[in-house]
Amino acid sequence: MRTVVEAIPGTPLPHGILRAACTNVEDVTKARIHELNGVEWMALGCCPVQDWPDPCLEESPGDESPGAPRQKEFCRPTVEHAAPITVYAGAECSALGWSFAEARAHAEASLALGEQMALEKAFWRTKLAMEAVDLTPAAGPVSVAQGVAALEGCLAESYGGTGTLHVPVGAAALLGCCDVLSKNPETGGLETLVGNCAVLGAGYSALNTGPGNIPAEPGTAWLYITGPLFIRRGPADTVPTSSGPSINYRTNDRRVLVERTFVVATTCTVCAINVEVCL
């Protein structure tokens, strides 16, 4: 007869959306719990800062009609928003062999291990793939290095700060072999030469879809880039909260669910490109 032992513990990937060094993850307190319903803000950094040359240097001696004087330009910031994403883990087993405490602990451990991947899938599907500008040339997919270069150029044209590369785990090794990414010795995070950080997502790899959530062709992967990420994380809630309601007395099974709500915010342009992943 086999001996029952503890489950094999796991660790979420170190450069996923919740663990990347450059991702700002903030636990929402009770006083701000309403933020988990979604947030909006005035975009910062998406409007260009213009230069104003010395008018004396622009004067042309002898010009009788210099024309209308140059006017300074003003930019009206756009209102951006982020919607809530709720992820959950449910545990089910016979009530005869599983106590409520055991079922709850199993669901909590499942959520802790898998919530990062679930959040990546939801963010990719609802934000990245739905709002991206496709930079893939008409000739088709490009190399990984060319793809990252195009994405960083796209972000630089619309946002003056550092941003975030979103990379499926299945394509991550190619960024390392081409020296596209290197580890920051101070933060431990992955960065490009420009300074943009990278999120290597198992959830991204599970979907690997392009703009409009169209699946990638075999041998290719989709990469995205955004501004910085700010993630609001709610508490883990257990449903139900006591033993009695967790039992289905018709089947004598126990069900316990643990869920958590996130709000993942980013800013300015989302760009995408299709790259080759077959060497």
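Predicted model: local features only at pLDDT ≥ 70, side-chain atom pairs only at ≥ 80, totals over all residues.
**View 1. Strand E16 paired with strand E4.** Strand E4, made up of residues 84–94, and strand E16, made up of residues 253–265, pair in the antiparallel sense over 11 bridges.

View 2. Strand E13 (residues 230–233) pairs with E16 in the antiparallel sense over 4 bridges, with Phe230 standing opposite Ala265.

**View 3. The hairpin of E15 and E16.** Strand E15, which covers residues 247–248, runs antiparallel to E16 and is joined to E16 by 2 bridges; Ile247 has Arg254 as its bridge partner in E16. The two strands form a hairpin with 4 residues between them, and Asn252, in the turn, has a positive phi of about 60 degrees.

**View 4. The largest pocket.** The space in the largest pocket amounts to about 470 Å³, and its lining consists of 16 residues, with Glu6, Ala7, Ala105, His106 and Ala109 lying nearest the centre. By class, this lining comprises 11 nonpolar, 3 polar and 2 charged residues.

**View 5. The second largest pocket.** About 220 Å³ of space lies in the second largest pocket, whose lining residues include Pro48, Trp52, Arg70, Phe74 and Cys75. The lining of this pocket divides into 5 nonpolar, 2 polar and 4 charged residues.

Methods
Residues numbered from 1 in each chain as written. Heavy atoms only, no water. 1 Å grid on protein atoms, 1.4 Å probe; cavity = no way out; pocket = protein on both sides within 12 Å on 5 of 7 lines; lining within 4 Å. Points joined across faces, edges and corners; volume = space filled by probe spheres on them. Nonpolar A, V, L, I, M, F, W, Y, C, P; charged D, E, K, R; others polar. Pairing = 2+ DSSP bridges.
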